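Hi,

Here is the structure I said I would pass on to you. Have a look at it first, and then read my notes below.

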Amino acid sequence: MATIEECRAALDKLSDSMQHAEGDVREAAALDRSVSCHVKDLDVTFVGRLGDGRIVVHDTLAGPPPDRAEIRLVTTGDDLVALVNGELNFARAWGSGRVRLEAGLRDLFRLRKLL
């Protein structure tokens with residue numbers, strides 16, 4: 001099972017990848033939205049902001065997110081790490097329910113370029 005530190009490192013790696021992206025991916029990463037990532041098996045939520053092509057995690061909270069972020073990801077620690085490392089296909093994980101991504105319809109269309 002992935003640790004909190006490994007999950008945080010995965011989010012940092014995702015943020016770094018987004019910042020160095022080009023074209024459509026960079027455009028999708030240019031959103032300015034509140035974000036949360038709830039790691040179910042650790043019962044911890046990373047909350048922060050997507051802006052300027054980066055995800056900045058402001059806090060790590062016990063339990064589910066207290067407030068509804070504009071972009072919400074729910075998964076397990078192992079799946080988060082595997083997604084970021086390219087070992088797990090997002091579409092398959094999302095289709096099977098292993099990963100849940102919630103956002104407004106317009107944001108989901110833009111985010112699909114990232115995933």
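Let me start with a residue on the outside: Asp52 is exposed, with a relative accessible area of 72% (exposed means over 50%, buried under 20%, and partly exposed in between, using a 1.4 Å probe and protein chains only). You'll find Asp52 in the loop between S2 and S3, and its phi is near 55°, a positive value in a residue other than glycine. Helices (H or I, at least four residues) and strands (E, at least two) are DSSP runs here, numbered from the N terminus.

Before going further, some housekeeping. This is a predicted model, in which local features need pLDDT of at least 70 and side-chain atom pairs count only at pLDDT 80 or more, while totals for chains, interfaces and linings use all residues. Residues are numbered from 1 along each chain as its sequence is written, and side-chain values use heavy atoms, with hydrogens and water left out.

Now the sheet. It is an open one of 5 strands in the order S3-S2-S1-S4-S5, with mixed pairing; two strands count as paired if DSSP finds at least two bridges between them. At the edges are S3 (54-62) and S5 (100-103), each pairing on one side only. On average, neighbouring strands are turned by 20° against each other, direction ignored. For these angles, axes are lines fitted to C-alpha atoms (for helices over the stretch in contact), and values run from 0 to 180 degrees between N-to-C directions. As background, strands of a sheet pair through backbone hydrogen bonds, either parallel or antiparallel.

S1 (residues 33-39) is mostly covered, with 6 of its 7 residues buried. S1 and S2 (residues 44-51) run antiparallel and are joined by 7 bridges; Ser36, for example, has Val47 in S2 as its bridge partner. S1 is also joined to S4 (residues 71-75), by 5 bridges, and that pair runs parallel. There, Val35 stands opposite Ile71 in S4. S4 and S5 run antiparallel, with 4 bridges between them, and Val74 stands opposite Arg100 in S5.

The hairpin of S1 and S2 has 4 residues between the strands. Is Asp43 buried, exposed or partly exposed? Asp43 counts as partly exposed because its relative accessibility is 40%.

H1 (residues 4-19) lies across S1, S2 and S3, running at about 160° to S3, where contact means heavy atoms within 4.5 Å. H3 (residues 77-84) lies across S1 and S4, at about 115° to S4.

Last, the cysteines. How many disulfides does the structure hold? The count is 0, a disulfide being a pair of cysteine sulfur atoms within 2.5 Å. Cys7 is in no disulfide, and the nearest cysteine sulfur, that of Cys37, is 7.2 Å away. Cys7 counts as buried because its relative accessibility is 0%. Cys37 is likewise in no disulfide, its nearest cysteine sulfur being that of Cys7. With 5% relative accessibility, Cys37 counts as buried.

Cheers
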